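Work through the exercises below with the model open. Each task is followed by a stepwise solution.

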Amino acid sequence: MEQQRHRMVEKDLKGRDITDPGVITVMGRLPREEFMPESYKSQAYADGPLPIGMGQTISQPYIVALMTQELRLNNFCEVLEIGTGSGYQTAVLAKLSRRVYTVERFSELSASAQAVLGRLGIDNVEFYIGDGSAGWFFDSAQGRPEKRTFDRIIITAAVPEIPQILIDQLGAGGLIVAPVGGTGVQELVVGTKKQGKLTEQVVCDVRFVRLIGKYAFEQ
Ligand code: SAH
């Protein structure tokens, strides 16, 4: 596994355009197989997405690296992640920031991600099960956590557009990374918040499962 991980870093990350030393170090150490279902562990370092159950996928390692690199993280960042999935991206973010707040709609996936991060001793992550298209805010009816803002936001599922309610939860000068588009192919967008408005830049084409929720796609 260590050899395969080394190959992934050299070929699939550094061999493309991943240059962020933090991203390279963290992904070179993190045991990705721990985040995979038993039957896919042997393919943990393959150059593509793989099924993780509930019809969802763990993202291709290169895309995890690219999205993390685009976030320009530092030790002071508080990060909101929408779509915990396997928890692999969550773990990468946690190693490069102060705290990660991650939302997943399937309790089964969140539970298994919580277990893996616990085993790996990653303890700067708060998990929430619910509709992340609305972000992280207080809703007494649903018992959501309190409203607040974040330095960085990452959406790891496709959205038709970046929901305004998430832009509202991004702090001044903050960055948001998200796959924006329809079912099938989307554009990976990096948004920077300045004077309350988001300036968007397109990085490349990507393929993600859809974000299902009130401010994203319908069921
Ligand atoms: N970063 C994850 C990607 C998982 S795929 C990984 O690499 O493992 C996207 C995830 O978003 C899925 O787990 C899916 O269940 C979740 N998701 C979809 N709609 C959601 C919503 N409205 N709120 C929170 N999570 C959602």
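The model is predicted, with local features needing pLDDT of at least 70, side-chain atom pairs counting only at pLDDT 80 or more, and totals for chains, interfaces and linings using all residues. Residues are numbered from 1 along each chain as its sequence is written, and side-chain values use heavy atoms, with hydrogens and water left out.

**Exercise 1.** Describe how helix 1 and helix 3 cross, and classify the residues in contact.

Step 1. Helices are DSSP runs (H or I, at least four residues) numbered from the N terminus. Helix 1 spans residues 2–14 and helix 3 spans residues 61–71.

Step 2. Their axes (lines fitted to C-alpha atoms over the stretch in contact, with angles from 0 to 180 degrees between N-to-C directions) come within 9 Å and cross at roughly 65 degrees.

Step 3. In contact (heavy atoms within 4.5 Å) are Met8, Asp12 and Leu13 of helix 1 with Pro61, Tyr62 and Ala65 of helix 3. These residues divide into five nonpolar, no polar and one charged, where Ala, Val, Leu, Ile, Met, Phe, Trp, Tyr, Cys and Pro count as nonpolar, Asp, Glu, Lys and Arg as charged, and the others, Gly among them, as polar.

**Exercise 2.** Repeat this for helix 3 and helix 4.

Step 1. Helix 4 (residues 88–96) packs against helix 3 at about 35 degrees, with the axes 11 Å apart.

Step 2. Val64, Met67, Thr68 and Leu71 of helix 3 meet Tyr88, Gln89, Val92, Leu93 and Leu96 of helix 4. The classes are seven nonpolar, two polar and no charged.

Terms used. Helices (H or I, at least four residues) and strands (E, at least two) are DSSP runs, numbered from the N terminus.
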